[in-house]
Amino acid sequence: MSKPIFVLNGPNLNRLGTREPHIYGTTNLADIEAMCRAEVPGHAIDFRQTNHEGELVEWVQEAIESACGIVINPAGYSFTSIALLDSLKMFPGPIVEVHISNIHKREAHYHRSYVSPVATAVIAGLGPAGYRAAVRAIAEGVRS
Ligand code: DHK
């Protein structure tokens, strides 16, 4: 049984659908999970969301042994968490960072992600479709 793709979501993404729809749209996280599963039917997906930084770090640590790749929307922790950066540095496989909005078109505090330097790729501004592109890239064997 091949290892799953971990799709990890950070703080406030559990509010997608009603959260600032002019920025994030009206698609909720359950819809995004269904889109990811439909995009790579031959691959196991482990889809999670947390508002807690330590839990996100522990999931990345778990992925070291248990995942073939990581798709991560760290949300607000992208711009604050060196702990998350340090955990991702230990992951041997491909990491695709996803942001629903184009963070570079937004306020300055969204411009510098601590995660991007250790990511294989960064997708920002494609909306929920960014998740589909990310899981497909890992399923098709993008290298870290
Ligand atoms: C989601 C968030 O919660 C923000 O903190 C980021 C990201 C952008 C997104 O676009 O998915 O800035």
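I count a residue as buried when its relative accessible area is under 20%. The model I looked at is predicted.

**Overall form**

I looked up burial for the chain: buried residues make up 45% of its 144 residues. I then checked the radius of gyration, which is 14 Å; this agrees with a compact globule, because 144 residues packed that way would give a value near 15 Å. Along the principal axes, the C-alpha trace spans about 40 × 30 × 25 Å.

For the accessible surface I noted about 6,900 Å², with 51% belonging to carbon and sulfur atoms. I also looked up the charges: the mean positions of the 12 positive and 14 negative ones are 5 Å apart.

**Order of elements**

I found 5 helices and 5 strands. Their order along the sequence is β-α-α-β-α-β-α-β-β-α. Of the contacts with a separation of 6 or more, I noted that 75% are between residues 24 or more positions apart.

**Strand 3**

Which strands pair with strand 3? I found strand 1 (residues 5–9), parallel to strand 3 over 5 bridges, and strand 4 (residues 95–99), also parallel, over 3 bridges.

I followed I72 into both pairings. In strand 1 and strand 3, L8 has I72 as its bridge partner. Towards strand 4, I72 stands opposite E97.

Note on methods:
Residues are numbered from 1 along each chain as its sequence is written. This is a predicted model: local features need pLDDT of at least 70, side-chain atom pairs count only at pLDDT 80 or more; totals for chains, interfaces and linings use all residues. Side-chain values use heavy atoms; hydrogens and water are left out. Helices (H or I, at least four residues) and strands (E, at least two) are DSSP runs, numbered from the N terminus. The radius of gyration is taken over C-alpha atoms; the globule rule is 2.2 Å times the number of residues to the power 0.38. Buried means under 20% relative accessible area, exposed over 50%, partly exposed in between (1.4 Å probe, protein chains only). Contact means heavy atoms within 4.5 Å. Accessible areas come from the Shrake-Rupley method with a 1.4 Å probe; for residues, only the protein chains shown count as cover. Lys and Arg count as positive and Asp and Glu as negative; His and the chain ends are not counted. The place of a charge is taken as NZ of Lys, CZ of Arg, CG of Asp or CD of Glu. Two strands pair if DSSP finds at least two bridges between them.
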